[in-house]
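Thanks for coming. I have one structure to show, and I will go through two parts of it.

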There are 2 protein chains.
Amino acid sequence: MLGKPNRDRVAERRSATRSEILAAAWDAARECGLANLTLREVADRVGMRPPSLYSHFDSKNALYDAMFGQAWSECLAVMTECVRNLPDTPRGVLRSLAATFFDFCVEDLARFQLMNQRIVIDFEPSADSYAPAVETLDLFRNTLAELGIRDQQDVDLCVALTGGLIDAQLANDPGGDRWRRLLDRAVDMFAENVGL
Amino acid sequence: MLGKPNRDRVAERRSATRSEILAAAWDAARECGLANLTLREVADRVGMRPPSLYSHFDSKNALYDAMFGQAWSECLAVMTECVRNLPDTPRGVLRSLAATFFDFCVEDLARFQLMNQRIVIDFEPSADSYAPAVETLDLFRNTLAELGIRDQQDVDLCVALTGGLIDAQLANDPGGDRWRRLLDRAVDMFAENVGL
DNA sequence: GTCTATACACCGATAGAC
DNA sequence: GTCTATCGGTGTATAGAC
């Protein structure tokens with residue numbers, strides 16, 4: 001009897017094409033703005049006609065969904081790596097967490113908008129794509145808990161503080177570091193406030 | 001000789017129609033989302049056909065521009081009123097400023113997005129519409145300066161902190177008060193940090 | 001799996017009658 | 001100042017040949 005080959009070359013190629021489309025979508029989103037992403041633009045970049053994309057993604061929102069999942073998976077990976085070698089002091093831990101998240105967010109505006117803002121109104125992430133986002137937040141919460149920060153309000157304040165600096169940086173000084181330079185000070189201010 | 005009447009009824013009516021269109025645009029923006037605002041929707045609400053709007057606004061972006069100016073004028077009025085009767089203590093002043101701005105922003109998501117986020121990409125506010133925004137920021141800066149807060153970095157931190165709470169409130173708990181309740185604490189934390 | 005062709009629904013904006 | 005009619009464009013998505 002003929003056995004199945006242990007590599008499925010068709011599936012591999014299909015997966016590669018999917019990744020290629022995804023990468024093109026990110027390029028287009030960065031260039032034209034996330035909300036102005038069009039299937040025409042994506043198709044052009046991968047050398048296809050727009051309808052051909054439907055062989056790989058059911059709809060435009062399905063494409064957004066894959067991008068959303070990818071973005072948060074990347075974030076989870078970065079934050080996991082960050083948590084793997086944290087400094088000794090509690091403030092050092094907070095600084096490291098905040099800096100890693102800040103830098104990741106500021107690195108790519110389109111990605112940040114898709115992850116954290118509701119700039120694409122018709123789009124709701126699927127449970128699968130949302131999973132790495134939840135996992136990232138859990139990782140963050142657990143790390144704070146190990147420092148003794150368990151109060152919901154404390155976590156909320158920390159999130160708002162970091163998010164505010166990121167927003168201000170992206171909105172008022174994109175590419176610069178005017179708010180990035182305030183990050184350590186802000187973290188220390190928070191640490192002081194929660195008695196660390 | 002015939003003198004000019006001291007009331008120009010034509011101009012009055014024209015101005016009233018303009019205001020009516022503007023109000024309808026805000027209603028539509030709140031309902032459909034700011035980015036999804038269409039001239040058809042606005043025209044429907046004022047009982048006109050879409051082309052008729054062009055007798056009052058040169059383009060869709062001109063409509064956005066008028067809305068932008070109106071939003072910041074309202075904000076300036078609210079903040080001016082706030083500054084007119086401030087409490088005695090420095091921390092009270094900070095709390096009052098932050099609370100007034102927070103509540104104003106959270107009150108209307110569409111207005112907040114037009115004022116503070118770049119959700120409509122093709123739109124750049126004109127100098128005239130931008131003026132009340134600058135004036136509001138000046139008012140804020142001057143009030144902080146009277147408390148002894150003159151360092152650019154201190155002002156930036158205060159702005160980012162307040163903005164972060166507003167963003168978190170609107171994004172994660174719209175209509176609620178989960179982050180609103182943290183405002184006084186956040187302000188005190190900031191005051192402590194700048195030695196007030 | 002990719003193509004051509006096209007359907008279908010929108011949009012902003014203009015021309016010209018009244 | 002408002003209307004009708006329409007232009008020229010955008011976009012997502014589907015049908016069917018290859």
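A backbone N or O atom of B:Leu39 sits 3.2 Å from a phosphate oxygen of DNA strand C, a polar contact being a pair of N or O atoms within 3.5 Å; within protein, one must be able to donate a hydrogen and the other to accept it, and residues adjacent in sequence count only if both atoms are side-chain atoms. This is a predicted model, where local features need pLDDT of at least 70, side-chain atom pairs count only at pLDDT 80 or more, and totals for chains, interfaces and linings use all residues. Residues are numbered from 1 along each chain as its sequence is written, chains are lettered from A and ligands numbered from 1 in the order in which they are written, and side-chain values use heavy atoms, with hydrogens and water left out.

Back to the DNA. A polar backbone atom of A:Arg49 is 2.8 Å from a phosphate oxygen of DNA strand C. With B:Arg40, an N or O atom of the side chain lies 3.4 Å from a base nitrogen of DNA strand C.

How many residues surround DNA strand C? There are 16, counting a residue as near if one of its heavy atoms lies within 4 Å. A:Arg14 and B:Tyr54 are among the closest. Of the atoms of DNA strand C that come within 4 Å of the protein, 71% belong to sugar and phosphate.

Now the second part. B:Asp65 is in helix H3 of chain B, residues 60-84, helices being DSSP runs (H or I, at least four residues) numbered from the N terminus. The side chains of B:Asp65 and B:Ser129 are joined by a polar contact of 3.0 Å.

Conventions
Helices (H or I, at least four residues) and strands (E, at least two) are DSSP runs, numbered from the N terminus.
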